[in-house]
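Here are some notes for a colleague who has not seen this structure before. Please read them with the model open alongside.

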Amino acid sequence: MTDEEDSSSSIPKFLENISGEGKSIGVLTSGGDAQGMNAAVRAVVRMGIYVKAKVYFIKEGYQGMVDGGANIIEAKWESVSNILQVGGTIIGSARCQAFRSREGRLKAARNLVRLCITNLCVIGGDGSLTGANLFREEWNGLLEELAQNGEIDKDAVQKHSYLNVVGMVGSIDNDFCGTDMTIGTDSALHRIIEVVDAIMTTAQSHQRTFVLEVMGRHCGYLALVTALACGADWLFLPESPPEDGWEENMCLKLTENRVRKKRLNVIIVSEGAIDTQNRPITSHKIKELVVKNLGFDTRVTILGHVQRGGTPSAFDRILASRMGVEATLALLEATPETPASVVSLRGNQAVRLPLVECVQTTQDVQKAMDEGRFNDAVKLRGRNFEGNLKVYKRLAIKLPDNQISKSNCNVAIINVGAPAAGMNAAVRSAVRVGIADGHRMFAVFDGFDGFAKGQIKEMDWIDVGGWTGQGGSILGTKRTLPGKYLEKIAEKMHSYNINALLIIGGFEAYLGLLELAAARQKHEAFCVPMVMVPATVSNNVPGSDFSIGADTALNTITDTCDRIKQSASGTKRRVFIIETMGGYCGYLSSMGGLAAGADAAYIFEESFDIRDLQSNVEHLRNKMKTSIQRGLVLRNESCNVNFTTDFIYQLYSEEGKGVFDCRKNVLGHMQQGGAPSPFDRNFGTKISARAMEWITDKLKQSQGTGKKFVNDDSICVLGINKRELMFQPVAELKKVTDFEHRIPQEQWWLKLRPLMKILAKYKTSYDVSDAGKLEPLRSQQGPFQGEPANI
């Protein structure tokens with residue numbers, strides 16, 4: 001590469017330079033339905049129209065492509081209005097036997113070429129994507145055969161000589177290799193966890209054992225994440241069958257938990273669960289085993305298709321919207337030499353991967369299971385699936401005390417700042433991993449206040465049972481900083497012989513860590529490893545793209561927006577002004593706006609004036625003169641000191657007279673409450689486990705040496721940065737922090753704000769430099785499978 005080429009590649013590339021004029025895109029959903037498919041369809045349609053391409057609905061999947069006629073219709077902007085919150089797929093999906101034959105594909109090619117559709121966006125599973133790739137490979141031959149039969153002219157063969165294909169994976173099973181998360185998986189987990197939470201209350205009341213069967217004929221992802229999210233006693237997966245003699249081991253484990261005064265047992269079963277001989281393990285077989293051997297009152301719940309139903313989660317809406325936009329760009333940039341690609345998620349980035357390689361690896365997993373190579377199957381699923389399984393086993397099964405090698409180290413855990421859903425899951429994980437590593441684990445109650453007062457208690461394995469599903473902070477949490485209590489806290493650290501400290505919290509926790517770091521010179525007790533795990537709904541902690549609790553808050557905002565919009569159903573045209581939390585950080589407002597389909601989201605990071613407000617009002621006036629009847633505007637609580645929620649409400653009310661009326665709603669502290677989402681439970685569980693592993697490694701380094709920890713790398717924030725899980729010293733993070741406004745100086749999600757504007761029909765500048773050529777498929781995926789794309 002020349003210097004000139006190298007320098008030009010660093011120049012930002014903007015959407016304004018990409019044109020779809022003269023191009024036609026067909027979008028279809030195929031195979032099983034999944035929540036979030038509609039958000040993907042909406043994004044493809046609107047991004048396509050935005051760049052002046054024609055977009056066509058292909059209804060009923062490949063069957064509609066084969067049948068043609070009214071099944072292939074041009075989509076308009078309004079065609080996809082008000083579908084973000086709708087589950088399933090509005091354009092229908094069907095299994096199609098006809099498309100499996102060349103004759104069927106010949107009919108499909110004729111129907112597409114007659115409408116000049118040579119760009120295909122397929123939303124489905126690996127079978128649907130494999131079919132699309134075969135169709136692409138045969139395309140030129142199919143057209144030549146149609147010309148020979150006189151069904152199309154020869155000019156059409158030359159003009160439409162190649163077919164571009166881009167896929168998005170819509171599958172609740174998360175069974176596609178190459179992506180951290182498929183569209184629909186997070187929503188399915190929401191349905192499952194709602195049922196698990198409800199079941200656990202009745203099981204607790206009656207001292208029952210529940211066997212819960214979830215979907216996953218070939219992939220155990222849903223079962224694995226559910227088991228992590230609810231702290232299940234036992235787990236059955238197709239990729240990791242139980243060892244011989246599992247019947248006795250499971251019954252022993254259930255008995256031990258009852259002896260420890262646990263009033264319920266939960267067993268999670270994937271529908272495709274098998275033993276090492278590839279024989280099925282059914283939920284009813286497990287029930288019979290428990291009843292026969294233990295006599296426990298046991299119930300079976302098979303969730304079935306309820307997992308596919310309901311509204312999509314905030315995660316799935318944002319994921320599908322991002323993927324839909326990326327898929328459209330990939331189609332517009334494709335050339336005859338571009339292989340079929342699939343838009344995937346890695347960390348918080350949307351990437352393009354070779355479709356054929358991803359499908360092959362996915363099929364290799366099933367082959368490994370069929371041949372009894374189960375360790376290979378787990379590895380092929382990716383390091384994240386493997387990591388999830390490892391964390392589950394560490395947290396679910398406690399070794400006898402005489403088998404745990406004691407470290408003679410004491411580790412304290414403290415919650416600091418405002419409560420955030422998922423904190424309790426993080427504490428549970430830390431306590432159990434710490435005990436498994438041989439440490440004595442101490443909980444500090446009521447933040448640094450409680451630390452100074454000696455509100456410290458040693459925690460046992462069973463003490464944190466059942467914590468994953470509880471919101472808020474069981475330990476109690478306060479915003480108080482340690483500065484004025486340094487002497488007393490140092491004294492308690494010394495008296496309890498605390499060898500390491502884990503802080504779970506938000507920006508106050510970060511500031512507290514800085515104060516403890518500064519106090520090391522004066523107080524020797526603080527010369528121990530300290531690590532912070534970010535937990536705040538505001539998602540404003542430097543050093544991490546995501547914080548525990550933000551996803552739950554985002555779902556609360558999205559659900560509330562859905563209900564508010566629905567409340568106006570059947571009334572005249574109406575615009576809703578909604579205020580969200582977040583301090584000076586506009587994450588909740590921006591991502592909530594993208595998930596709820598807002599027309600505008602006002603945030604501190606992107607300054608605005610009265611002219612912008614007037615422009616937004618005018619945009620809504622014009623929108624409301626069409627068939628669209630709802631408008632949604634989000635405002636971050638600290639976006640502007642003068643343009644308050646009341647001011648914006650009054651401005652919109654006045655300027656909208658005669659066209660629409662207004663309502664306002666301040667969401668307030670409801671965003672901090674409620675049961676944690678599946679994402680927050682699992683994110684909290686896994687990131688906290690990783691923090692404890694880091695503490696254990698640090699303590700091992702100093703064992704027997706009396707080493708004092710004074711270096712910057714011994715006092716860190718653990719966070720996700722793009723695709724990596726990183727420990728970053730607070731001394732380094734100070735340089736990239738805006739302390740006045742309590743936010744990082746750079747925030748990744750700001751790049752996504754133009755997407756909300758584009759999908760709301762605003763003209764805007766969108767940097768597409770990150771998009772581009774195919775990336776190789778690697779087994780090394782994001783930091784945690786199923787996390788995080790955008791939340």
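1. How exposed is Glu-654, in terms of relative accessible area? The answer, taken from a predicted model, is that Glu-654 has a relative accessible area of 46%, which makes it partly exposed. Its side chain meets that of Lys-657 in a salt bridge, with N and O 3.3 Å apart. Lys-657 is exposed, at 55% relative accessible area. The cut-off that separates the two residues is 50%, since exposed means over that value.

2. The Glu-654 pair is a salt bridge, and a search of the whole structure finds 37 salt bridges. Another of these joins Arg-110 and Glu-151, whose closest N and O atoms are 2.9 Å apart. Arg-110 belongs to helix 4 (residues 102-113), while Glu-151 sits in the loop between helix 5 (126-148) and helix 6 (154-159), so this pair ties together parts that are 41 residues apart in sequence. Glu-151 is partly exposed, its relative accessible area being 28%.

3. A salt bridge also forms between Arg-753 and Glu-606, at 3.1 Å from N to O. Arg-753 is in helix 25 (residues 753-759) and Glu-606 is in the loop between strand 18 (600-602) and helix 21 (610-624); the pair therefore ties together parts that are 147 residues apart in sequence. Arg-753 counts as buried, with 4% relative accessibility. Glu-606, in contrast, is partly exposed, with a relative accessible area of 28%.

4. Helix 5 deserves a separate look. One of its residues is Glu-144, which counts as partly exposed at 40% relative accessibility. Glu-144 and Ala-156 are 12 residues apart in sequence, and their C-alpha atoms are 9.4 Å apart in space.

5. Which helix supplies the largest share of the lining of the second largest pocket? Helix 5 does, with 6 residues. Helix 12 (355-370), like helix 5, supplies at least two residues of this lining. The pocket has a volume of about 990 Å³. It is lined by 38 residues, and those closest to its centre are Arg-95, Gly-125, Asp-126, Gly-127 and Ser-128. By type, the lining divides into 18 polar, 10 nonpolar and 10 charged residues.

6. Is helix 18 (residues 507-518) largely enclosed or largely open? Of its 12 residues, 9 are buried, so helix 18 is largely enclosed by the rest of the structure. The buried residues are Phe-507, Glu-508, Ala-509, Tyr-510, Leu-511, Gly-512, Leu-513, Leu-514 and Leu-516. A charged residue, Glu-508, is thus listed among them. The length of helix 18 can be checked as well: at 1.5 Å a residue it should span 16 Å, and its end C-alpha atoms are 17 Å apart, which agrees.

7. A last point concerns Ser-187, in helix 7 (residues 185-206). What does Ser-187 contact, leaving aside its neighbours within four places in sequence? The contacts are Gln-35, Thr-311, Pro-312, Ser-313 and Asp-316. Ser-187 has 0% relative accessibility and counts as buried, the cut-off for that term being under 20%.

Terms used:
Residues are numbered from 1 along each chain as its sequence is written. This is a predicted model: local features need pLDDT of at least 70, side-chain atom pairs count only at pLDDT 80 or more; totals for chains, interfaces and linings use all residues. Side-chain values use heavy atoms; hydrogens and water are left out. A salt bridge is a side-chain nitrogen of Lys or Arg within 4 Å of a carboxyl oxygen of Asp or Glu. Helices (H or I, at least four residues) and strands (E, at least two) are DSSP runs, numbered from the N terminus. Buried means under 20% relative accessible area, exposed over 50%, partly exposed in between (1.4 Å probe, protein chains only). On a 1 Å grid over the protein atoms alone, a cavity is a set of points where a 1.4 Å probe fits but cannot get out, and a pocket is an open set with protein on both sides within 12 Å along at least five of seven lines; lining residues have an atom within 4 Å of a point. Grid points are joined across faces, edges and corners, and a volume is the space filled by probe spheres set on the points. The expected span of a helix is 1.5 Å times one less than its number of residues. Contact means heavy atoms within 4.5 Å.
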